[in-house]
Amino acid sequence: NIPDLLSRCRKDTGLSLRQLSIKSGIPASTISFYELGRVEPTLYRLDALLKALNQSIVIGKGSDIPNK
């Protein structure tokens, strides 16, 4: 789920909410709401957060995703 993913990735990288806010351009309070599951991020904001965390996202049907 997205709240756990964001929280885990942020903590794994050692970033505070404020540091991730600066890197992503998204207010720390908004990131906190995402991590708590109070608000769902748009795909645009999720992408910005994951890029700031050096992560990426793949969207598609399971059958369309090639095996690596």
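Predicted model: local features only at pLDDT ≥ 70, side-chain atom pairs only at ≥ 80, totals over all residues.
## A look at helix α2

Residues are numbered from 1 along each chain as its sequence is written, and side-chain values use heavy atoms, with hydrogens and water left out.

**Helix α2**
- Leu20, Ser21 and Ser24 are the buried residues of α2, which spans residues 17–24; buried means under 20% relative accessible area.
- Viewed down the axis of α2, these buried residues lie within an arc of 105°, so they line one face of the helix; the arc is that of the directions from the helix axis to the C-beta atoms.
- An α-helix has 3.6 residues a turn, so residues three or four places apart point the same way.
- The buried residues of α2 pack against α1 (2–13), α3 (28–36) and α4 (43–52).
- Gly25 follows α2 and has a positive phi, near 80°.

**The whole chain**
- The protein chain has four helices and zero strands; helices (H or I, at least four residues) and strands (E, at least two) are DSSP runs, numbered from the N terminus.
- Of the 68 residues in the protein chain, 28% are buried.
- Among contacts (heavy atoms within 4.5 Å) with a separation of 6 or more in the protein chain, 46% come from residues 24 or more positions apart.

How values were computed. Buried < 20%, exposed > 50% of the residue type's maximum accessible area, 1.4 Å probe, protein only.
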